[in-house]
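Hi everyone, thanks for coming. I'd like to walk you through a few local features of one model, starting with charged pairs and ending with a pocket. Here it is on the screen.

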Amino acid sequence: MPATMSSATGQNVMPILSLDSFKGQFKITAMMDKISNPVLEPHRQAKAILAKTGLQRPKESLQGSLQVTEQLVEHFDNRAEKDLRRLQSQLDRQMQKLQRSVGEAERDYQAEVIELEAVVEEVHEGFQSLDQQMSRAGQTATKIGDRLQSAESLRSRAEEAISCIQYMQNFAACTDFAELPELFQDSSRLSQAAAMTGRLLSVARDVSGARERAASPSKLPVAVAKQGSIEHAAHQLEAYRALLEKEVIASFDKAVHEKDLGTMAECAQVMAQFERGDVALMQRYISTRPLFIDARELALGQGAAQVTDTSSAITALRSLAALYKAIIQAVKDEAIIMEQVFPAPGVALLMFVTRLYEQRVQASLDRLLVAPAPTAAAETLQQHMKLVTEAFKRTMALAESLQEVVGEAANVADLANAVFSDILGDYPDMELQWLRLLHQSKSSQMSVEVAQEHLTWNLESVERCTVLSTEASCPSHVRQLFHAAADQQTPNSCLLQQISRLVLAGLAAAVEAGVRACEAPYGVATAGSAGRTAIAKAASVASSEGLGRVLDAVGTVSVIIGLVQQHHVKAIQPRVEASGAEAAACNAGLSGLTKTVEDRVLSFLQAGLTAFFAQMDRTLTTEQKRIDFRPPEDLPPPLDKPTDACLFATSLLTTAAKAVQQLLHGTNGSAFTSELARRMGALLLNHMQRYSYSPTGALRWKRDITEYTDCIHGFDAQSADDSFIELASLVNILLVAPERLLGLIDGSLRISHQQALKYIKLREDFKTAKIGSSTLAMLFAND
C-alpha cells in the first residue's frame with residue numbers, strides 16, 4: 001500500500017493551485033481539499049479494497065495512517081508551498097505590469113483633463129460674453145418696451161383727453177341734452193356715460209376752483225355761467241347727472257319691486273360711478289326691507305314692554321327671540337341678494353346690519369330694559385339684572401350668528417356692545433345696590449348660614465358681572481363686588497365690607513352678652529345644692545351663656561373667614577388674575593379683613609376671659625368659707641373630697657375647657673387653654689392668700705389643689721401644670737411643723753424668706769409658734 005500511494009504522488013506533477021483558484025466564490029476548505037486529494041484519494045481507494053476483502057489489520061491500518069500523514073506534511077511543505085510561492089511571483093509580475101499600465105493611463109487622463117479644462121474655460125468665457133450681450137439686449141428691449149408703453153399710455157391719455165375736451169365742449173355749448181353725443185343718449189351705455197359725467201364734472205369743478213383761487217375777488221367780477229364757458233358746462237353736467245341719477249333710481253326702484261336682480265345690478269354699477277352714489281343706493285335699498293316697513297315685521301319685539309314679573313319677563317324674552325330669529329334670516333337672505341347686486345356687497349351688508357342694531361335691536365332693548373326706580377326693592381333689582389343678563393346673552397349670540405354671515409369685514413360684537421353702552425353705563429352700581437339691600441335685610445344676627453347667603457349673593461353678582469363686562473373691565477368690576485377701593489367705598493356694598501360688619505357686630509354682641517351673663521350669680525344659689533350633678537348642670541349653663549357664648553362666636557367667625565377665603569380662591573381670583581393690580585387689591589382687602597378680625601377676636605377673647613375669671617373669683621369668694629380652712633376641732637371636715645367652692649370652680653373651668661376644645665382648634669385652642677390655665681393658677685394663688693389655715697384646713701386646701709390640678713391636666717398645657725405643681729408645693733408651708741420651715745424654704749422650695757413670709761403668715765400659728773426664742777416673723781424677716 002505505501003508503494004501504491006508513493007506512486008500516485010509521484011505521478012501528480014501538474015500544479016495544484018493557480019490564480020483562477022482564488023477567483024469567484026473562493027473557499028478555504030475547497031482549496032485544502034484540492035491540495036490534499038492527490039495524497040488522500042489513493043489511500044481511500046486502498047482502504048476501501050481492504051475493507052471489502054477483510055484483509056486489513058489494525059496495526060497495518062495505523063501504520064498506513066501515519067504514512068499518509070507524513071506524506072500530507074511533505075506534500076504541503078513541498079508542493080503546496082512551492083505552488084504558493086510561484087503564484088505569489090506570478091501575481092507580483094502581473095501587479096507590476098498593471099501598475100505600469102495604470103500609471104500610463106493616469107498620465108494620459110491628466111493630460112486630457114488639462115486640455116478639457118482649457119476648453120471649458122474658453123466656453124465659460126464665451127457664455128459670460130454671451131450673457132452680457134443678452135443682458136444688454138434685454139435692458140435695451142425693456143427700455144424700448146417702457147418707452148412704447150409710455151407712448152401708448154400718453155396716446156391713450158391724449159385720446160381720452162381729446163374726448164373729454166370734446167365732451168366738455170358739448171356740455172358747454174348745449175342747451176338741450178338732446179344735442180349731446182350718442183354716449184349720453186344710448187340707454188345701454190349708461191355706465192360709461194355716468195363715469196364720463198363724473199370725470200368731466202370733477203375737471204370742471206377743479207378748473208372753476210383754480211380760477212377762484214388765482215383771481216382776486218376785489219378785481220374780477222363774479223363768474224356768470226354763460227353758454228360756452230366752463231361754468232356753463234359744470235352747470236349742465238350737474239343737471240345731466242341729476243337727471244341720470246333720477247332715471248337710474250327709478251329703474252332701480254322698479255327692479256326692486258319686480259325683484260329683477262339683473263337690472264338692480266346694472267343700476268348699482270351706474271351709481272357706483274358717482275361719488276357716494278353706490279352708498280346712497282344701498283341706503284335706499286335697505287330702507288325698503290320688510291323689517292323696517294312691514295307692519296307684521298315691525299310688531300316683532302314689541303312684547304318687550306312693561307316687564308313687571310317673571311311671567312311678563314318670559315313673554316318679553318320670547319318676543320325678543322322672535323325678532324332676533326327674523327333678523328338672522330333676513331341678513332342671510334339679503335347677503336345673497338347684495339352679493340349679486342352691489343359692487344361692494346360687504347359694505348351694503350354691514351350697513352344693513354348696523355341699521356338693524358340701531359333701529360330694531362336698540363328699540364326693543366330700550367322697551368325691555370327700563371331701569372328700576374332708585375327706591376326699588378331688592379327683588380325688583382334682581383329681576384331686572386337677570387333680565388339684562390339674559391338679553392345681553394341673546395344679543396351677543398345674535399352678533400355671533402351675524403358675524404358668520406358678515407365675515408371679517410367688521411366686528412358685529414362691537415355693535416352689540418354699543419347697544420348696551422347706555423344700559424350698562426353705570427355697571428356694577430346696580431349690583432352693589434342690590435347687595436347692600438340684601439345685606440341690610442339679613443345683617444341682624446351673625447351665623448354661618450347668613451354668611452353663606454352673602455357668599456351666594458356675591459357669587460350670583462360675580463357670574464353676572466363676568467357676562468356683562470368686557471374682557472378689559474371684568475377684573476375691575478369683580479374686584480368692586482368683592483372689595484371696594486378706598487375712593488369707591490359705598491357703605492356695606494362689597495362682600496368684604498358686609499362680612500366685616502357682620503362678624504364684628506356679631507362678636508361685639510356676643511361679648512356684650514357673655515360679659516353680662518358672667519355678672520350673674522353662680523353657685524349654690526343657682527345650682528340649688530352642692531351635689532356634683534347639680535353643680536355640673538349649673539356650670540354648663542353659666543359657661544354656655546358666658547365665656548361659651550364668646551367662644552361660639554369666635555368659632556363661627558373662624559368658619560366664616562374660611563368660607564370667604566374659599567370664595568376668593570374659587571370665584572374671585574380666577575376672574576381678576578388677568579389684572580395684576582386688581583388681583584393684588586383683592587388679596588390686600590382679604591388680608592386686611594383677616595387682620596382686623598384677628599385683632600378684634602383677640603381683644604374680645606381677652607374681654608371674655610376677664611369676665612369669666614371675674615365670675616370665677618366672685619364664685620370662690622362667695623362659696624369659700626373661712627371655716628373650710630379653720631374647722632372646729634370637735635367637727636373635723638372630710639379630707640377625701642374638695643370643698644364646695646372648689647367643686648363650683650372646677651366645674652365651671654371644665655365646661656369652659658370643653659367649649660374651647662369644641663370651638664377653637666389648632667394653635668388658637670392651645671394658646672387659649674394655656675392662658676386659661678395660667679390665669680386660673682394666678683387666681684388660686686391670690687385666693688389662697690385670703691385665708692388662714694390650721695393643719696387640718698391646710699390639708700383641705702391641698703385636697704382642693706389636687707382637684708384643680710387634675711382639672712388642669714386635661715388642658716394639655718405643660719406650663720400650666722408647672723404652675724400648679726408650684727402652687728401645690730407652697731401648701732407644704734402651711735403643713736409642716738414650724739421647726740421644719742427653714743429647711744423646707746431653703747431646701748426644696750428655694751424661695752426667698754421675704755417671699756415665703758407671705759405664705760407663712762397664713763399659718764394659724766404664725767403669731768404663736770417659736771423656734772427657739774425667735775418667732776416666725778423674726779426668723780424670716782431677712783433673707
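Let's start with Lys595, which forms a salt bridge with Asp599, their closest N and O atoms being 2.6 Å apart. By salt bridge I mean a side-chain nitrogen of Lys or Arg within 4 Å of a carboxyl oxygen of Asp or Glu. Both Lys595 and Asp599 sit in helix H21, four residues apart, about one turn of the helix. Helices here are DSSP runs of H or I with at least four residues, numbered from the N terminus. Lys595 is partly exposed at 47% relative accessible area, and Asp599 is partly exposed too, at 39%. For those words, buried is under 20% relative accessible area, exposed is over 50%, and partly exposed is in between, with a 1.4 Å probe and protein chains only.

Before I go on, a word on the basis: this is a predicted model, where local features need pLDDT of at least 70 and side-chain atom pairs count only at pLDDT 80 or more, while totals for chains, interfaces and linings use all residues. Residues are numbered from 1 along each chain as its sequence is written, and side-chain values use heavy atoms, with hydrogens and water left out.

How many salt bridges does the structure hold? There are 15. One of them joins Arg284 to Asp253, with the closest N and O atoms 2.8 Å apart. That pair links distant parts of the chain, since Arg284 is in helix H7 (residues 277-287) and Asp253 is in helix H5 (residues 230-258), 31 residues apart. Arg284 is partly exposed, at 37%, and Asp253 counts as partly exposed at 29%.

Now, please look at Arg700 and Asp628, a salt bridge whose closest N and O atoms are 4.0 Å apart. Arg700 lies in helix H24 (residues 695-713) and Asp628 in the loop between H21 and H22, so this is another link between distant parts of the chain, 72 residues apart. Are these two buried or exposed? Arg700 counts as buried at 9% relative accessibility, and Asp628 is buried at 12%. There is also a network of salt bridges linking Glu431, Glu460 and Arg464.

Asn458 lies in helix H15 (residues 448-468) and, at 1% relative accessibility, counts as buried. What does Asn458 touch, leaving aside residues up to four places away in sequence? Its contacts, meaning heavy atoms within 4.5 Å, are Leu435, Leu481, Phe482, Leu495, His567 and Ile572. With His567, the side chains make a polar contact at 2.8 Å. The C-alpha atoms of Asn458 and Leu481 are 7.1 Å apart, although the two are separated by 23 residues along the chain.

Last, the largest pocket, which holds about 580 Å³ of space. Of the 23 residues lining this pocket, those closest to its centre are Val554, Val601, Leu605, Leu664 and Asn668. The elements giving two or more residues to the lining are helices H20 (547-576), H21 (580-623), H22 (644-663) and H23 (666-688). H21 gives the most, with eight residues. By type, the lining divides into 13 nonpolar, eight polar and two charged residues. A pocket, on a 1 Å grid over the protein atoms alone, is an open set of points where a 1.4 Å probe fits, with protein on both sides within 12 Å along at least five of seven lines, and lining residues have an atom within 4 Å of a point. A polar contact is a pair of N or O atoms within 3.5 Å, one able to donate a hydrogen and the other to accept it. Thanks!

How values were computed
Points joined across faces, edges and corners; volume = space filled by probe spheres on them. Nonpolar A, V, L, I, M, F, W, Y, C, P; charged D, E, K, R; others polar.
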